[in-house]
Amino acid sequence: MYTDLQGKVVVVTGGSKGIGRGLVEAFAKAGSKVYFTYLSSEAQAKQIEDQLLSEGWFARAAQVDGSSLEHVRAYINEIIAAEESIDVLINNAGFIPRGLFLTTTDSIMDKTMDTNFKGVYNYCSVALKYMVLKKQGVILNMTTLSSYLPAKGQSAYSASKAAIESLSKVLAIEYGKYNIRVNTVAPGLIETEIVKSISDQVKSDILSKTPLNRLGNVEDVSNAALFLASDQAKYITGVQLLITGGKHLC
Ligand SMILES: NC(=O)c1ccc[n+]([C@@H]2O[C@H](COP(=O)([O-])OP(=O)(O)OC[C@H]3O[C@@H](n4cnc5c(N)ncnc54)[C@H](OP(=O)(O)O)[C@@H]3O)[C@@H](O)[C@H]2O)c1
């Protein structure tokens with residue numbers, strides 16, 4: 001469908017499960033060369049890589065801690081050495097803590113900011129330099145509905161994602177002249193592992209405030225990402241695409 005994505009070098013962080021896995025599969029099946037990372041789920045990452053390779057697609061998994069600038073620099077430089085460029089960077093890896101502000105410890109706050117905000121900062125700071133040299137690139141940063149509509153119990157998470165929203169808009173302003181587009185994808189509740197930890201009461205409360213009357217799925221997010229990464233979206237930069245079934249209105 002998006003033929004311009006064929007052969008593009010796409011980096012997806014946190015591709016071993018959930019939304020990231022969906023992104024890896026969608027871009028690989030669009031014909032992109034997908035390099036994706038994981039932190040601890042090696043077996044799952046290898047299984048995804050093997051499955052896609054066996055179907056004739058290109059996918060390479062690597063263990064990279066996105067919160068370490070040193071690890072990110074080494075990883076991106078390895079990809080540049082092999083491919084000469086990175087066309088699309090998707091910062092998806094994330095940590096989703098829950099808890100009221102006064103129960104949020106220093107270490108939870110640090111882990112949230114390091115995984116979410118610092119991870120995005122690290123990848124952008126390294127990959128953007130190559131995109132500027134090539135005068136071309138797309139960055140998609142995964143945020144969340146709660147960066148737009150803050151929710152109880154999500155102080156660390158909402159703040160880390162709001163920081164990503166802000167950074168993304170500044171990058172869109174500063175690097176548009178190099179033909180680099182920077183957008184965010186902000187899902188509401190998506191059917192992933194996290195849904196298992198949410199009570200039926202909370203789920204039905206969410207559904208009652210969701211005009212499209214269902215939770216989102218991984219494909220809803222990857223469809224949006226494919227569009228934003230493709231040339232179909234070539235005049236779109238600096239936006240937050242809410243994928244919420246309309247819940248942001250209620
Ligand atoms: N699920 C939802 O309802 C929802 C809604 C809105 C936004 N989001 C956002 O969407 C993204 C994915 O969410 P998800 O629910 O799919 O998450 P998930 O199932 O928990 O997966 C998180 C991914 O991030 C990786 N990761 C975590 N810390 C990392 C680090 N320091 N370095 C590299 N990789 C790291 C994990 O790797 P390992 O498995 O190897 O540890 C895993 O691949 C997150 O940014 C999240 O905030 C999710």
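Reply: Happy to. Leaving aside residues up to four places away in sequence, Leu 5 touches Phe 27, Ala 30, Gly 31, Ser 32, Leu 226, Ala 229 and Ser 230, where contact means heavy atoms within 4.5 Å. Keep in mind that this is a predicted model, in which local features need pLDDT of at least 70 and side-chain atom pairs count only at pLDDT 80 or more, while totals for chains, interfaces and linings use all residues. Residues are numbered from 1 along each chain as its sequence is written, and side-chain values use heavy atoms, with hydrogens and water left out.

Leu 5 belongs to the segment before E1; helices (H or I, at least four residues) and strands (E, at least two) are DSSP runs, numbered from the N terminus. With 0% relative accessibility, Leu 5 counts as buried. Here, buried means under 20% relative accessible area and exposed over 50%, with partly exposed in between (1.4 Å probe, protein chains only). Leu 5 and Phe 27 are 22 residues apart along the chain, and their C-alpha atoms are separated by 7.7 Å.

In the largest nonpolar core, which has 35 residues, Val 12, Leu 23, Phe 27, Val 34, Phe 36 and Ile 90 touch the most other members. Such a core is a set of buried Ala, Val, Leu, Ile, Met, Phe, Trp, Tyr and Cys residues joined through side-chain atoms within 4.5 Å. Two or more residues each come from strand E1 (9-12), helix H1 (18-29), E2, helix H2 (42-54), E3, strand E4 (88-91), E5 and helix H8 (218-229). H8 gives the largest share, seven residues. Apart from this core lies another, of 25 residues, including Ala 62, Val 120, Ala 127 and Leu 171. In soluble globular proteins, nonpolar side chains tend to be buried together.

Not counting residues up to four places away in sequence, Val 12 touches Gly 20, Leu 23, Val 24, Val 34, Tyr 35, Phe 36, Thr 37 and Ile 90.

The strands come next. Seven of them form an open sheet with parallel pairing, in the order E3-E2-E1-E4-E5-E6-E7; two strands pair if DSSP finds at least two bridges between them. E3 and strand E7 (240-243) stand at the edges with a single partner strand each, so one side of each is left without a neighbour in the sheet. From one strand to the next, the twist averages 15°. Helices lie across the strands too: H2 covers E2 and E3, running at about 165° to E3, while H4 lies across E1, E2, E4, E5 and E6, at about 175° to E4. Axes for these angles are lines fitted to C-alpha atoms, for helices over the stretch in contact, and the angles run from 0 to 180 degrees between N-to-C directions.

Within the sheet, E5 and E6 run parallel and are joined by six bridges. Gly 137 has Ile 180 of E6 as its bridge partner, and Met 142 stands opposite Val 185 in E6. Eight of the eight residues of E6 are buried, so this strand is largely enclosed by the rest of the structure. Ile 180, Val 182, Thr 184 and Ala 186 are buried on one side, and Arg 181, Asn 183, Val 185 and Pro 187 on the other.

Back to Tyr 35, one of the contacts of Val 12. The structure holds two aromatic pairs. In one of them, Tyr 35 and Phe 58 are tilted, 5.4 Å centre to centre with 55° between the planes. This pair links distant parts of the chain, with Tyr 35 in strand E2 (residues 33-38) and Phe 58 in strand E3 (residues 58-63), 23 residues apart. Rings of Phe, Tyr and Trp (its six-membered ring) pair if their centres lie within 6.5 Å; planes under 30 degrees apart count as stacked, over 60 as edge-to-face and the rest as tilted. Tyr 35 is buried, at 11% relative accessibility. Phe 58 also has the charged end of Lys 33 over its ring, 5.1 Å from the centre; this requires NZ of Lys or CZ of Arg within 6 Å of the ring centre and within 35 degrees of the ring normal.
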